[in-house]
Amino acid sequence: DLIYGYECRTGLCRKVELSEENFANAISLPVCRLFCGSSIGTLWPQPTGTVRLDSLMRQVDISFIDFNVNGTSRKEKLWKAAENRWMDMLEAKIPDRKILARGGYRMSVNINTPDDASPGKLTLDTDESYRLEIDTDASGHVLANITAGNFFGARHGLETLAQLIVYDDIRREVQVTANASISDSPVYKWRGLLLDTSRNYYSVNAIKRTLDGMALVKLNTFHWHITDSHSFPLEVAKRPELYKLGAYSPRQIYTRRDVAEVVEYGRVRGIRVMPEFDAPAHVGEGWQHKNMTACFNAQPWKDFCVEPPCGQLDPTVDEMYDVLEDIYGTMFEQFNPDVFHMGGDEVSTACWNSSLPIRLWMKKQGWGLQTADFMRLWGHFQTEALARVDKVANGSYTPIILWTSGLTEEPFIDEYLNPERYIIQIWTTGADPKVKKILERSYKIIISNYDALYFDCGGAGWVTDGNNWCSPFIGWQKVYENDLKTISGDYEHHVLGAEAAIWSEQIDEHTLDNRFWPRASALAERLWSNPATGWRQAESRLLLHRERLVENGLGAEALQPQWCLQNEHECPIDA
């Protein structure tokens, strides 16, 4: 029934009408794009090492694909879960099983990791590199060999292998590159997405869908901003009043089972799920009746916080730290984080100054009521809260992330934050001179500059008319060009990586996918590959990659008319 196929001409895939004369040699678009005009084919993110792809394709019988994992690690259920997911991805490539051509060759996927490489968990020291070799023996049997130091590297190899398998809609068969060799490893250790589930609630399925997308592009950190002043949707067994009073409804709570499910779902996909409990600001709902907060839902809100409802913890209430300890304990028990986020964002000294008990306590200490005194109060909070983190972490001294804030500025950063312990997450612009001052002090940083990586930017205002505060909308091209070396200068060695963020004031699970995707894919290639070339060289590859996202159940935003996908390099204005 097909009318069109493709031919590779001068490095571009050109659409041709099929005829009896050219049908035997015609190729489908996915096959053409694998080997025409690019040494990396359609791989996303592009590998950092050597890539060799043979243009010969081999039909695969997907009923005869076997997985082999060497050593004791093959017994781990994690490997089986990864295998099942991989096979599901192959099934997703086939539009209609009823018309799939019979036959094809057997394929073996052999995973080689050290015998003692128990999958464990992802850490900042994990080696995520892999090597993939595809060969075909004399009988046509396809052998795909993945070699890695651990589960996480091998999983990335499986992801790449899946991208070398396509559905040929001319011959109606699944095909794989017959011979290939790829060595690959990421440039940056921290490759993440942040999702705020407090402003609006997201179902576990929506979160899982995000993790699916992250796995497809080798992003490795899901930063879960679970709570905020708007809602407290996390079940804390020792403090049930927090979620009972703080959740939007009894159905909009992340239970112990939900969290365990998300954490394991991420692990199978090579992703750490890192919780954040933002404090001392950004608290409110759930904390009613405790007398442990200041300016909760105060009006006019603009005098006390950046958006309603306001709310900050009262650092002078000793019992408040016991509640924090129970929250931290829940998070450490359920997430087992290798890095923990303590927030520290947008603290308002005006909020604390509006509280008579806080002012009286400060005067009792012999403090004044100037900005420096409230920063001292903040430092007191951070010291006490960190002690509770360390207590529940059994003295493991887990690295702590804090947002850039007044506390990360001179002179307070030197007084209260140890660079050996704290990682600073940058949310201001990429050109902010304060970034250099943080780097000069040897802090490791994670970059989330809002002018390129806040994916909620661009929309109507919600506390006034006009557009939201960080408009305009950020296109994928700007995300792709957001070079971390340009931001960090001579201190690139202190950059762990970056995160794109979705703050959910105006987004929920029904609009989630097209806000993250495919812009998060642009971030993924910047962080995995740090390409020397710009977005224009990546554009046609991203169009095809976007189709892969959709194929795998993600509602990724369309970037161009489908005509541009089918007519390579015909749409750019300066082509």
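Me: Is Trp469 buried or exposed?
Reply: This is a predicted model, with residues numbered from 1 along each chain as its sequence is written, and side-chain values use heavy atoms, without hydrogens and water. Local features need pLDDT of at least 70 and side-chain atom pairs count only at pLDDT 80 or more, while totals for chains, interfaces and linings use all residues. Buried means under 20% relative accessible area, exposed over 50% and partly exposed in between, with a 1.4 Å probe and protein chains only. Trp469 has a relative accessible area of 55%, so it is exposed.

Me: How many aromatic pairs does the whole structure hold?
Reply: Rings of Phe, Tyr and Trp (its six-membered ring) pair if their centres lie within 6.5 Å. Planes under 30 degrees apart are stacked, over 60 edge-to-face, the rest tilted. The search of the whole structure gives 25.

Me: How many residues apart in sequence are Trp224 and Phe335?
Reply: Their rings pair edge-to-face, 5.8 Å centre to centre with 80° between the planes. Helices (H or I, at least four residues) and strands (E, at least two) are DSSP runs, numbered from the N terminus. Trp224 is in strand β12 and Phe335 in helix α7, so the pair ties together parts separated by 111 residues.

Me: How is the pair of Tyr454 and Trp469 classed?
Reply: The ring centres are 6.3 Å apart. The planes meet at 85°, so the pair is edge-to-face.

Me: Which charged residue sits over the ring of Phe455?
Reply: The test needs NZ of Lys or CZ of Arg within 6 Å of the ring centre and within 35 degrees of the ring normal. At 4.3 Å from the centre of Phe455 sits the charged end of Arg519.
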